[in-house]
Amino acid sequence: MTVSTTFLGLGAMGSALAAAALDAGHRVVAWNRTGHRAQSLGASGATIADSAEEAISGARTVVVCLFDAASVREVLEPVATGLSGRTVINLTTTTPDESRDLARWAEERGIDLLDGAIMAVPEMIGGPGSTIFYSGSASAFTSHRPLLDLWAESSYVGPDPGMAALYDTAMLSGMYAMFAGFLHGAAMVGSAGVSADEFVRRQAPFLAAMTEQLAGFAATIDEQDYLGPGQQSLRFTETALTTIMQASTGQGVPDEVLQPVHDLVRRQIAAGFGEHGTARIFEELRSAR
Ligand SMILES: NC(=O)c1ccc[n+]([C@@H]2O[C@H](COP(=O)([O-])OP(=O)(O)OC[C@H]3O[C@@H](n4cnc5c(N)ncnc54)[C@H](OP(=O)(O)O)[C@@H]3O)[C@@H](O)[C@H]2O)c1
């Protein structure tokens, strides 16, 4: 029997997810608020519904890839009764608490919710290097593996429905901080006439090499051993950051990307930890929840 899957939301990502299912021989029923974005999927063989209500009628599995948490509620609330007893796989980016709220909402209506977070761009869906984190309903994750594995490496991170979003946003925090650091560096050398292209050819391999340090930081944090051998002290890091920030402002480039890092380091030194390893910044950030 041909498997039927419903997709709500055919933006760049929703279209890529639906296309992968279609390519794998699934029967795809899809809906998008703005009809023209559904045309190419329709031409490839998907059934395009005129409304979300029509799209979910008869569906056992509904994949949702909309803009944000508010748009997910806006689309799902009017059709909640029809979703009772079905599985909803939400791949819209949300915060952990928004995912937990959605899961509570779904549970109250008898909807089995699997929340997902996509670590890929649409072009990577179905190809190597893409991962999707899932959390919430373990049974939905297990029973839908053949579908999920069409898109990416599927990684289940726990029954708390907010965990996939937590991993997602935590990983993106590292990415955006790195991007901002690169752009700051590019502005610094740019002040001396160096092109960003010239800079990136030196910066990218250096950053890649520096990621080798992360496992050491992780071990230090997990063992809470900030005085163990081989660590760069907070005092050393404070001096390094001061030098970098002075170099930046000396070139006429604001140092505001590094200021929050500098503040974290200085607070730990003020608390008496100057000779502890730099990974101790983690203790300044640790959740008090
Ligand atoms: N693109 C990426 O690289 C990427 C990577 C990882 C995760 N994601 C996540 O995937 C989700 C979709 O991203 P995308 O790239 O597909 O974005 P997109 O191209 O902007 O598509 C957004 C989709 O949401 C729909 N939408 C927005 N507000 C709506 C509302 N109030 N009611 C009904 N539909 C509404 C849009 O419908 P219309 O066409 O009618 O506007 C469209 O289908 C986002 O949460 C995004 O963070 C994207």
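**A helix and the sheet beside it**

Author: Let's begin with helix 9, residues 163-190: its 28 residues should span 40 Å at 1.5 Å a residue, and this agrees with its end C-alpha atoms, which are 40 Å apart. The expected span is 1.5 Å times one less than the number of residues. Helices (H or I, at least four residues) and strands (E, at least two) are DSSP runs, numbered from the N terminus.

Before going on, keep in mind that this is a predicted model, in which local features need pLDDT of at least 70 and side-chain atom pairs count only at pLDDT 80 or more, while totals for chains, interfaces and linings use all residues. Residues are numbered from 1 along each chain as its sequence is written.

Which residues of helix 9 are buried? They are Met163, Ala164, Ala165, Leu166, Tyr167, Asp168 and Gly185. A residue is buried if 20 or more other C-beta atoms lie within 10 Å of its own, exposed if 12 or fewer, and partly exposed in between, with C-beta atoms placed from the backbone. Cover here is a matter of contact, meaning that the C-beta atoms of two residues, placed from the backbone, lie within 7 Å. For contrast, look at helix 11 (residues 214-223): one of its ten residues is buried, so helix 11 lies largely in the open. Just after helix 11 comes Gln224, with a positive phi of about 50°.

Strand 7 is mostly covered, with five of its six residues buried. Strand 7 runs antiparallel to strand 6, and six bridges join the two. Gly116 has Tyr134 in strand 7 as its bridge partner. On to strand 8: strand 7 pairs with it in the parallel sense over four bridges, and Thr131 has Glu153 of strand 8 as its bridge partner. Two strands pair if DSSP finds at least two bridges between them.

Strand 6 also pairs with strand 5, in the parallel sense and over four bridges.

Put together, eight strands form an open sheet with mixed pairing, in the order 3-2-1-4-5-6-7-8. At the edges stand strand 3 (47-48) and strand 8 (153-156), each with a single partner strand, so one side of each has no neighbour in the sheet.

A nonpolar core is a set of buried Ala, Val, Leu, Ile, Met, Phe, Trp, Tyr and Cys residues joined through C-beta atoms within 7 Å. The largest such core has 56 residues, and those with the most contacts inside it are Val64, Leu8, Leu17, Ala18 and Ala30. Helix 1 gives this core the most, six residues. Apart from it lies another core of eight residues, including Tyr226 and Ile281. In soluble globular proteins, nonpolar side chains tend to be buried together. Ala30, for instance, leaving aside neighbours within four places in sequence, is in contact with residues including Phe7, Leu10, Ala18 and Ile48.

Finally, step back to the whole. The protein has 14 helices and eight strands, and its C-alpha trace spans about 65 × 45 × 30 Å along its principal axes. Of its 289 residues, 35% are buried. Among contacts with a separation of 6 or more, 61% link residues 24 or more positions apart.
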